[in-house]
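Work through the two exercises below with the sequence and the model open. Try each task before reading its solution.

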Amino acid sequence: MLPVTPALIETLRQQLHNAETPENRGLSADALRLVWDRGNARRPPRPNESDGHKINKVRLERRWKKFCAKMKIENWKDSLKKLSYEEKGLGEAFLRYLMTDENGRGIHSEGTIRYSQRALNSLFQKYTGHALEDAVSKHLYTVAVSELTPYYGLRRKPKAKPNMGPDLFMYHIYFIWVRSKRALHIGLDDIDDVLIRHLCMWTGCRQHELLYNKPEDRKKLIQEHDDESDAYSDIEPDPLTFGPRPIKKCDVCGGVDEREYNPELQVLCWEDINIYILRDPSGNGGRDRLVATILLHWHKGFKKRVVPTWFPLIEEDIPAFCPVTYILTKAIAEGVIANEGYQNGPEPFFSTRLNCKAAFIQWKPEWMHKPVFRATTNDLGEKSDSPQTVHVFRNRCNELGKEMGLQDQLSNYCYRRGNLQTVDSNYRTSVHYHSALMNAVVQDAFLGRGTHSPMLTILNQMGLFCDEDAPQFVPDQLMDEIGPSRAVDRLEQEIERMRVSLTAEYGRPSNATTAERTKYEKIQGSLRAARQKHRRNIEKLIRKEHFKRKNDEELQNQLHSIHKPPETTKSRTVYQLPERSRVATILGNLDEDLSESEIVKRKIDAINAMTAYAFVSVPRQARQPTRQPKRAKEATTQHQQHENHSPQAAQKAGTGKIVPASRPILPKSLPLVVSQEVPTTPPPPYSSLDLGQPASQAIARKKLRESPPPCIFCGKKYTRRSSLWDHLEAHLERVNGGWVKCPACSIGCNSPEAFMAHAARSHGMSNGFRRPRVKLLRVERPDSKDN
């Protein structure tokens, strides 16, 4: 369990504050009525289109306006709305106009004119709210394929598209570092350029998934598209009516995630990269290895669907061909690493002998939501927080291709096609994408090492590492120090106001009307649910903090050359039942070096042992208490209620104002001093009203009463002996007055009465048996009439 320190409490409070969002109480009836009226009066909402599609639509709209000006059509918008099967010739004339513009530039492939025909449909839908007639679309498609293609000699077959093979890839990386004469601003620009080529090669991504694809007039074109529309609504929701827009939280740092709405951050950022140190992946006594995983948020995968996907990258022996080496170099050079002792050089990363399966390298919080590849602002090499653009990388590819003397143009698709060819030829029958994870190490297959990678197995099981010492509950001391959440605090104040109001009117809340009592109980249930949710959130945070501290401790041990051997054996649990112990002994034997007869004998023994254990009643194992004792919690609650019912609180409530009690964020438990001596007779049920004592002293005296022992059959505990006796009778009913086997020592008793005597004599269960009889053996008294 983590030690409760002020630093831990402050960390958890900050994480809870970052993760907490304003409560959404729902819309009122008036607001819902406004939504109803607005929905009836408004035009259809705009479709969810990408920025690229909007830009292409605006450019086609400009061409349509020039076409109408050339045809001397005054109202270009009305002419667009007239497109129909009767006016299909207007669409044919526009396609003819697109073949050659006023600057002499024309269309050379059939695919381009077919795309223009589909874009005309989107432009028509923008101003009418519905799509073109199917007959018109089919007619324009037929004209493009059967008339324009043969007349203008448009190209139908695709161009020859070269792909990057293993030899060329390794040579062009070697060429960049050894033979190239190009000069960039600083060395970090060269490292960025080579790392981009590695990521394009090993992930098959498009360049705009890593870099910023910035059109020169992007904002102007999108604004032009959104400003004018005759079909779609341009009415924005009123924030005063519908409330503020929810804030999206980042899953990594817990801050505000603006990447969904900021195009400049829709690139590879530092929170998308994870670096791990894996303990001897080959299992042959070698050194630990470095691996990295890259998350591409906007990766276009199967059927051109955007699916966020993780890609594994493994460590290569040759530094020039190792993408992990370049990532680690950037992290050290730019000061991104947060782990103490690992920021200044690479030596600590290659001298580890991990005790656990893997260790995780963390980034500094200030580098979250920052692009990995940043733009260089001047010749001095100063970097800005703006991302590097696709245009810069494309120019560097052209320069590199010319310098290498390549026959064809070097483009991003050379890397992509090389990646897809490797995946298709080696992983066709396997699962490519499994739960947003690329289930293949392309580096191994691409470089001729086969498709089996032990590192991939470890990466896939990274979230299933076992640690039995991980915290399983939240200590009440920690809950008290952190305090309630915003929802819990609001519900506590609301329920206190209702309690004061109902007490003033009815004497106590239980005497209120059914409707008011139901509302009061509903709020009480909501308060219990909110407290449970708050505890679960803290439990997740302390488990996360536990693994983070364990990871940091492991890295610090490696930094100081403290190499602990991994734990191979664990202590076995001692079971009370001999049948359960025999099953554990047989199934815990994992020896594989046995003869065939010994294997068969072990299986027979296992089946016999499990058969004997199948219908045995299993007692609960004695465990350490994981939470605050129930009676201590009740004492705390009663003490709080006593303070709320005190004359001072009533005097404050009588003024008509709700005055919050001066207490910590969450009330701490009262220390109950209980004597270890058990009195011969239990104390009477004293109360603060009878003796005029404080409630805390009365509750402390109640704690002197000894609780009954747990059930000998199943270990269940009860606070009352009568409840325990009813529970024991339920066990004894199954024997129907016959033979009873003791679950503690396996001794057989010929009747329930004999078993009770044995349990009281041998196992100290005398306090658990309140009356010397069993319900099944009781003789009903005959009726007086029968006598």
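Two strands pair if DSSP finds at least two bridges between them; strands (E, at least two residues) and helices (H or I, at least four) are DSSP runs numbered from the N terminus. The model is predicted, so local features need pLDDT of at least 70 and side-chain atom pairs pLDDT 80 or more, while totals for chains, interfaces and linings use all residues. Residues are numbered from 1 along each chain as its sequence is written, and side-chain values use heavy atoms, without hydrogens and water.

**Exercise 1.** Find the strands that pair with β1, and state whether its faces are buried or exposed.

Solution. 
1. Strand β1 (residues 273–278) is joined to β2 (residues 289–296) by six bridges, and the two run antiparallel. Ile273 has Ile294 as its bridge partner in β2.
2. With β4 (residues 358–361), β1 forms four bridges, also antiparallel. Here Leu278 is partnered by Ala358.
3. In a regular strand, side chains alternate between the two faces of the sheet.
4. Because six of its six residues are buried, β1 is largely enclosed by the rest of the structure.

**Exercise 2.** Describe how helix α20 packs on helix α21.

Solution. 
1. The axes of α20 (residues 578–587) and α21 (residues 596–613) are 9 Å apart, at an angle of about 155 degrees.
2. Therefore α20 is roughly antiparallel (over 145 degrees) to α21.
3. Contacts (heavy atoms within 4.5 Å) include Val583 and Ile586 of α20 among the residues meeting α21.

Notes. Axes are lines fitted to C-alpha atoms, for helices over the stretch in contact, and angles run from 0 to 180 degrees between N-to-C directions. Angles under 35 degrees count as roughly parallel, over 145 as roughly antiparallel, 65 to 115 as roughly perpendicular and the rest as oblique. Buried means under 20% relative accessible area, exposed over 50%, partly exposed in between (1.4 Å probe, protein chains only).
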